[in-house]
Amino acid sequence: MGAQLRVYRSKVKSVQSMKKITRAFELIATSRMVKAQQRTAASAPYARAITRAVSAVATYSNEDHPLTKEKSEVTRAAVLLVTSDRGLAGAYSSNVIKEGERLIELLRGEGKTVVPFITGRKGIAFYKFRHREVAGEWSGFSDAPGFEQAKDVADRLIEAFLAEEVDGGVDEIHIVYTRFVNMVTQVPEVVRLLPLEVVEGDTTPSPDEVLPLYEFEPSPAAVLDALLPKYVESRIFNALLASAASELAARQRAMKSATDNAEELIRRYSRLANNARQAEITQEISEIVGGANALADAGAGS
Amino acid sequence: MPLQVELVSADRRVWSGEASLVVVRTEDGDMGVMPGHAPVLAVLAAGDVKIEPASSDRDEVHAHTGGGFLSVEHDRVTIVADRAAIGAGSARS
């Protein structure tokens with residue numbers, strides 16, 4: 001076997017095994033994707049109930065709460081970046097990080113000090129590599145976040161929000177996460193988490209369905225106190241779930257195109273290998289024919 | 001008309017169905033909700049929730065919740081808890 005032919009054949013082999021790997025990753029991402037979507041659907045009743053209750057309290061009581069109070073002068077802003085733990089998901093993490101960088105620049109432009117909080121190893125690595133200080137980091141759950149983890153993050157953020165400025169407190173908190181639109185589209189998005197704006201819009205009931213006049217047990221303030229942190233937790237949980245679904249969708253897509261590329265490469269290298277084989281045969285034949293001719297010439301000459 | 005009850009925890013709907021009586025533990029003590037109850041939003045303490053289903057062929061449901069809140073409006077009862085587990089010996093929905 002000629003040298004050229006051997007090179008092509010080994011290339012085809014290595015690309016074939018790569019294709020097997022990317023194909024496996026694609027299948028894994030697809031099956032996790034289904035689970036992530038189920039989890040998102042399962043968390044919907046909770047989010048709906050909380051949002052409805054919060055808007056009810058907000059509509060019928062004029063209670064002020066530390067979590068809804070806008071500070072007159074915002075000097076420190078926290079940014080929570082939701083990134084993935086693992087790579088091989090195309091531009092997923094870098095899109096979120098880029099969106100975060102834009103937001104940070106904007107906040108800095110407004111004269112605010114930015115305090116970063118990060119979930120996901122990719123984001124943490126990005127910040128560590130640049131020797132930036134991170135106020136809080138969590139990792140290990142990016143593709144299957146549980147409520148406990150969301151609660152952890154929420155508790156830490158709420159604590160930072162309620163703390164005095166000298167103790168590292170912040171005046172507002174933004175989340176950068178990836179919204180899952182559908183299997184092909186996931187958009188990095190920035191939302192302001194705190195101070196809370198109880199989002200009207202899809203949460204307010206239609207005009208003919210008036211919210212009932214609630215009694216609050218034990219008191220409106222106590223209900224608000226219990227409800228708002230849960231609302232924050234639920235918002236963060238939702239952001240984590242949406243990001244997980246987006247990550248898996250991005251990974252599935254990246255692995256699909258890697259598999260397609262591998263197929264394309266295999267096809268090209270097999271062609272080249274065939275070409276080299278054919279060239280070798282042609283060369284051998286012409287060598288034989290040439291040799292025979294030379295012999296015949298030598299015989300005729302003598 | 002029976003109560004429409006939903007017991008949801010953060011990651012799933014634990015129980016839903018029709019009930020004739022719901023007893024929950026609020027921070028001030030136990031509270032029972034029957035059809036026609038005034039709209040209320042109550043903070044729940046960690047404790048048991050008892051749901052008596054409207055139809056007699058379903059067993060009484062006992063669930064343990066780790067705190068949360070309860071909302072009642074137009075005979076719709078929503079019990080929201082971070083964690084909720086249905087106790088042993090009760091029917092699952």
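Modeller: Helices (H or I, at least four residues) and strands (E, at least two) are DSSP runs, numbered from the N terminus. Chain B has zero helices and seven strands. This is a predicted model, where local features need pLDDT of at least 70, side-chain atom pairs count only at pLDDT 80 or more, and totals for chains, interfaces and linings use all residues. Residues are numbered from 1 along each chain as its sequence is written, while chains are lettered from A and ligands numbered from 1 in the order in which they are written.

Colleague: OK, and how many residues of chain B are in contact with chain A?
Modeller: 23 residues of chain B, facing 23 residues of chain A. Being in contact means that the C-beta atoms, placed from the backbone, lie within 7 Å.

Colleague: Which strand gives the largest share of that side of chain B?
Modeller: β4(B), with four residues. Strands β1 (3-9), β2 (12-26), β4 (40-53), β5 (61-73) and β6 (76-81) of chain B each supply at least two.

Colleague: What joins β4(B) to chain A?
Modeller: Three bridges link β4(B) to strand β6 (residues 215-217) of chain A, and the two run parallel. Strands count as paired if DSSP finds at least two bridges between them. One bridge partner of E215(A) in β4(B) is V40(B).

Colleague: New topic: how much of chain B is buried?
Modeller: Buried residues are 35% of its 93. Buried means 20 or more other C-beta atoms within 10 Å of a residue's own, with C-beta atoms placed from the backbone.

Colleague: And what box do the C-alpha atoms of chain B fill?
Modeller: Roughly 30 × 30 × 20 Å, taken along the principal axes.

Conventions: Contact = placed C-beta atoms within 7 Å. Buried ≥ 20, exposed ≤ 12 C-beta atoms within 10 Å, placed from the backbone.
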